[in-house]
Amino acid sequence: MTTANVYGMDIQAGRDLATRMDSDATEIETLTTRLTGMLEGTPWYGPDATRFKGDWSGQYVPALTSVVQALRENSQQIFAQAQSQEDASS
């Protein structure tokens, strides 16, 4: 079957995708927290440590937080689209 002129969403597939996005966002948050804790607990001193820890907290954690936020926002959007599709198909 060609989908060239078909519009809409496989509702269950959309919900599955949204659920996966949300759970992956949670996993990224958990990993970020775990790695941050390990970094803070690692005895490491000197300019390399200072630079790395600064990069981690100033650049990498915010980037990971942005990914989490994007996944959650897109998850909500896909859930809403799936609901709209279900409502329109009813």
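**Figure 1. Charged side chains and overall form of the protein.** The protein carries 6 positive and 12 negative side chains, and the centres of these two sets are 8 Å apart. Here Lys and Arg count as positive and Asp and Glu as negative, while His and the chain ends are not counted. The place of a charge is NZ of Lys, CZ of Arg, CG of Asp or CD of Glu. The model is predicted: local features need pLDDT of at least 70, side-chain atom pairs count only at pLDDT 80 or more, and totals for chains, interfaces and linings use all residues. Residues are numbered from 1 along each chain as its sequence is written, and side-chain values use heavy atoms, with hydrogens and water left out.

The protein contains two helices and zero strands; these are DSSP runs numbered from the N terminus, with helices being H or I of at least four residues and strands being E of at least two. The radius of gyration is 20 Å, well over the 12 Å that the globule rule gives for 90 residues, so the protein is more spread out than a compact globule. This radius is taken over C-alpha atoms, and the globule rule is 2.2 Å times the number of residues to the power 0.38. Along the principal axes, the C-alpha atoms fill a box of roughly 65 × 20 × 20 Å.

**Figure 2. Surface and contacts of the whole chain.** Of the 90 residues, 19% are buried. A residue is buried under 20% relative accessible area, exposed over 50%, and partly exposed in between (1.4 Å probe, protein chains only). Among contacts between residues at least 6 apart in sequence, 80% join residues at least 24 apart; a contact means heavy atoms within 4.5 Å.

**Figure 3. Aromatic pairs.** Rings of Phe, Tyr and Trp (its six-membered ring) pair if their centres lie within 6.5 Å; planes under 30 degrees apart count as stacked, over 60 as edge-to-face and the rest as tilted. The count by this rule is two aromatic pairs. In one of them, the ring centres of Trp 44 and Phe 52 are 5.4 Å apart and their planes stand at 45 degrees, so the pair is tilted. Trp 44 is partly exposed at 32% relative accessibility, and Phe 52 is partly exposed at 38%. Trp 56 and Tyr 60 also form a tilted pair, with 6.3 Å from centre to centre and 45 degrees between the planes. Both Trp 56 and Tyr 60 lie in helix 2 (residues 47-89), four residues apart, which is about one turn of the helix. Trp 56 is buried, at 13% relative accessible area, whereas Tyr 60 is partly exposed at 39%.

**Figure 4. Two buried residues, Thr 32 and Ser 75****.** Thr 32 belongs to helix 1 and counts as buried because its relative accessibility is 11%. Apart from neighbours within four places in sequence, Thr 32 is in contact with Trp 56, Val 61 and Leu 64. Ser 75 is part of helix 2 and is buried, with a relative accessibility of 2%. With neighbours within four places in sequence again left aside, Ser 75 is in contact with Ala 18, Met 21 and Asp 22.

**Figure 5. Gly 8 and Ala 88.** Gly 8 sits in the segment before helix 1 and is exposed, with a relative accessible area of 60%. Ala 88 is located in helix 2 and is also exposed, at 64%. Ala 88 and Gly 8 are 80 residues apart in sequence, and their C-alpha atoms are 9.7 Å apart in space. Gly 8 and Gln 76 are 68 residues apart along the chain, with 17 Å between their C-alpha atoms.

**Figure 6. Glu 27 and Glu 40 in helix 1****.** Glu 27 is placed in helix 1 (residues 11-41) and is partly exposed, with a relative accessible area of 46%. From C-alpha to C-alpha, Glu 27 and Ala 82 are 23 Å apart, and 55 residues separate them in sequence. Glu 40 lies in helix 1 too and counts as exposed at 63% relative accessibility. Glu 40 and Asp 87 are 47 residues apart in sequence and 49 Å apart in space, C-alpha to C-alpha.
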